[in-house]
Amino acid sequence: MLSLLFMTKKKKRTLEETVLLIQEGDRNLLDETIDAYKPFIAKAVSSVCKRYIYETDDEFSIGLIAFNEAIEKYSPERGSSLLSFSEVIIKRRVIDYIRKQTKNQHISIDLTNATNEEESAGTSIVNELSLDDYNKKNDEQLRKDEILHFQSLLTTFDLSFSDLLENSPKHADARKNAIIVAKILVEDTELKEFLFEKKRMPIKQLEKMVNVSRKTIERNRKYIIAIALILSSDYVYMKDYLKGVLDT
């Protein structure tokens, strides 16, 4: 009886801990995890397709492959949970699949039973515009998802969008230099680990590696941290923007 009273409850393994075991080669655990998260996968795929998804659908298969890809690529250093990371991957892969399937196809929508070539051509143009609109809306949704996820990540570093607006460098050259500093920070394993573990920037170590004064680094600290978080995560659209800034 005493042994029952003083038994300690076994701590439940987190999904992220499970993923690390899978990455070490536990294939049975991989199959169990994928099977357990099929409802999550279906929901992520459905949000892109805008319809109920069955396991027999091709899009669902794409989602399964994408979830497996997310498990293989996931790292705690990304600063996000496995589910958040995998949702982005799933949505991106399904959109890529849809685009490939529809690239050279026209959806037949014949409401008037048109028989002449002019009306048929008009229907084709409308369909192309509809597809383009669909792709734009999906891109817009993915951008919103990235921003919401980034906003959540910022809070773990006690930062907000208003902080970034107030502390962003005013001049283009200063912003570019800050982005370069952030890039150097995330490319150094020790400095990057320090950032994510301590939730603050290793200014002393960083100033030895950049051609920027300590005062400048401290003044742009919040902005540099934010850029480092973007570069360390799977933010496709925001990374494209940063690349454009660096290329100018």
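Which pattern does the chain follow when read along the sequence? In this predicted model, for which local features need pLDDT of at least 70, side-chain atom pairs count only at pLDDT 80 or more, and totals for chains, interfaces and linings use all residues, the chain follows the pattern α-α-α-α-α-α-α-α-α-α-α-α-α-α. Residues are numbered from 1 along each chain as its sequence is written, and side-chain values use heavy atoms, with hydrogens and water left out.

The chain holds 14 helices and 0 strands, defined as DSSP runs of H or I with at least four residues and of E with at least two, respectively, and numbered from the N terminus. Of the 248 residues, 38% are buried, where buried means under 20% relative accessible area, exposed over 50%, and partly exposed in between (1.4 Å probe, protein chains only).

Two buried positions lie within helices. Glu69, in helix H5 (residues 58-73), counts as buried because its relative accessibility is 14%, and its side chain is joined to that of Arg93 by a polar contact of 2.7 Å; such a contact is a pair of N or O atoms within 3.5 Å, of which, within protein, one must be able to donate a hydrogen and the other to accept it, and residues adjacent in sequence count only if both atoms are side-chain atoms. Ala226, in helix H13 (residues 221-232), is buried with a relative accessible area of 3%, and its C-alpha atom is separated by 10.0 Å from that of Gln151, 75 residues apart along the chain.

Asp26, by contrast, is located in the loop between helix H2 (15-23) and helix H3 (27-36) and, at 34% relative accessibility, counts as partly exposed.
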